[in-house]
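The sequence and structure are shown first.

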Amino acid sequence: MFDWLQHIVDWLIYSVFGLTHGSKIGDAVNFFVFDTIKIFILLGFITILMGIINSYFPIDKVRNFLTKRKWYGLDYFLASFFGTITPFCSCSSVPLFIGFVKGGIPLGVTLAFLISSPLVDAVSVAMFLGMFGWKVTIVYVVSGIVLSMISGYILGKLKLEHLLTDWVKKILENKQIANENYEEEKQTFMQRLPDIGKEALGIVKGVSIYILIGIAIGGLMHGFIPTGFFEQYITKENPFAVPIATLVGVPMYSNAAGVLPIMQVLVQKGIPIGTAIAFMMAVVGLSIPEGLLLKKVMSTKMLLIFYGVVTGCIIISGYLFNLIL
Amino acid sequence: MKKNIKVLGPGCAKCKTTYNNVLEAIKQLGIEADVTKIEDIEEMMKYNVLTTPVLMVDDVIKVKGRVADINEIKTLLTA
């Protein structure tokens with residue numbers, strides 16, 4: 001799909017700038033330039049696409065949709081699915097959480113949404129496509145949704161409502177059905193487009209610095225670490241690799257933009273892809289800063305159960321990835 | 001009439017940017033306004049918001065879930 005770009009970059013690096021083909025520095029620079037351009041093309045494309053979908057299904061509409069009727073379990077899927085197309089910054093997680101449970105959405109469904117939203121988003125989809133191709137991307141997106149559904153379902157079954165903080169319980173006691181006066185925007189597609197474009201540009205701008213740093217580090221590693229280097233340390237057969245990678249990733253806080261370029265190189269140099277994906281999911285899905293925010297609505301015990309269940313599911317999917325990819 | 005502006009957000013980078021944009025927009029327009037920053041989440045939930053930052057002008061939610069830039073705020077305030 002990007003052969004034409006590779007030709008242009010090859011020509012630019014090796015002919016125009018005169019770097020030697022096959023030299024360490026030449027390879028590193030080529031990798032950096034090619035990957036950067038490719039990722040930004042994909043990123044622009046997918047953020048706009050997701051922006052269009054999101055413009056027709058904004059978060060308020062999703063909430064009303066989920067509260068209006070009984071879904072008999074399908075709501076876990078819907079929440080996880082809508083989580084993937086809804087961009088949100090981690091500082092929105094508490095208002096979102098309250099807004100959802102206040103509207104009568106079950107706790108497990110709300111948590112499913114909170115898990116899936118950072119895990120699968122425009123940025124991670126674009127980067128997965130650019131770095132691992134469409135097959136791995138589809139597996140990632142599907143498993144991100146399934147993982148959120150299952151974690152949400154388990155957490156829902158555990159009946160954790162009594163472990164919420166007191167002020168949240170108070171809100172739940174006198175919950176009113178969220179005022180349904182959500183106004184559907186009556187704008188035409190063409191009228192929406194400028195805002196969608198602006199929003200997409202904002203997202204791309206926001207992550208661009210992480211991508212550049214990530215690809216730069218990746219480029220250096222690409223040029224200087226021998227292929228298969230990690231195979232001597234981490235193999236598919238090592239049963240502890242996945243849990244260790246996940247546990248190391250949980251406290252770390254970064255977005256897909258910074259992690260994925262480095263991950264791509266690690267995979268090229270011999271780390272099993274399932275292990276790498278488990279690590280990445282742990283980094284983007286769970287973090288200490290997010291946990292501190294959620295402490296406002298959850299008791300420590302509930303927070304630990306929440307993180308425990310999600311971590312467990314990530315570890316299991318890491319093993320599955322190693323089996324099927 | 002003096003505008004009443006509220007910025008809701010738990011203090012993340014996006015919320016701070018919105019707040020600073022509001023101050024800058026007011027300065028550029030040369031108008032007077034009451035600007036309040038609401039960082040307490042319990043207080044915030046009274047306004048029934050789902051995503052932050054939220055920009056309210058005269059108690060009406062104008063922008064939610066994203067940073068409003070200076071020009072956009074200026075348009076909102078002069079409308």
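Helices (H or I, at least four residues) and strands (E, at least two) are taken as DSSP runs and numbered from the N terminus. On that basis, chain A follows the pattern α-α-α-α-α-α-α-α-α-α-α-α-α-α along the sequence, with 14 helices and 0 strands. The model is predicted, so that local features need pLDDT of at least 70 and side-chain atom pairs count only at pLDDT 80 or more, whereas totals for chains, interfaces and linings use all residues. Residues are numbered from 1 along each chain as its sequence is written, and chains are lettered from A and ligands numbered from 1 in the order in which they are written.

**Overall form of chain A**

The C-alpha trace of chain A spans about 70 × 50 × 30 Å along its principal axes. The radius of gyration is taken over C-alpha atoms, and the globule rule is 2.2 Å times the number of residues to the power 0.38. For 325 residues a compact globule would have a radius near 20 Å, and the 21 Å of chain A agrees with this. Of these 325 residues, 45% count as buried (20 or more other C-beta atoms within 10 Å of the residue's own; exposed if 12 or fewer, partly exposed in between; C-beta atoms placed from the backbone).

In α10 of chain A (residues 241–249), the residues A:A241, A:V242, A:A245, A:T246 and A:G249 are buried. They lie on the same side of α10(A), because they cover an arc of only 125° around the axis; the arc is that of the directions from the helix axis to the C-beta atoms. The buried residues of α10(A) pack against α12 (273–285) and α14 (300–324) of chain A.

Helix α14(A) also packs with α7(A) (residues 122–157), at an angle of about 145° and with the axes 10 Å apart. Axes are lines fitted to C-alpha atoms, for helices over the stretch in contact, and angles run from 0 to 180 degrees between N-to-C directions.

**Contacts between chains**

Two residues are in contact if their C-beta atoms, placed from the backbone, lie within 7 Å. By this criterion, 15 residues of chain B are in contact with 16 residues of chain A. On the side of chain B that touches chain A, α2(B) gives the most, with 3 residues.

The table gives the composition of two contacts; Ala, Val, Leu, Ile, Met, Phe, Trp, Tyr, Cys and Pro count as nonpolar, Asp, Glu, Lys and Arg as charged, and the others, Gly among them, as polar.

| Contact | Composition |
|---|---|
| Side of chain B that touches chain A | 8 nonpolar, 4 polar and 3 charged residues |
| α7(A) with α14(A) | 9 nonpolar, 3 polar and no charged residues |
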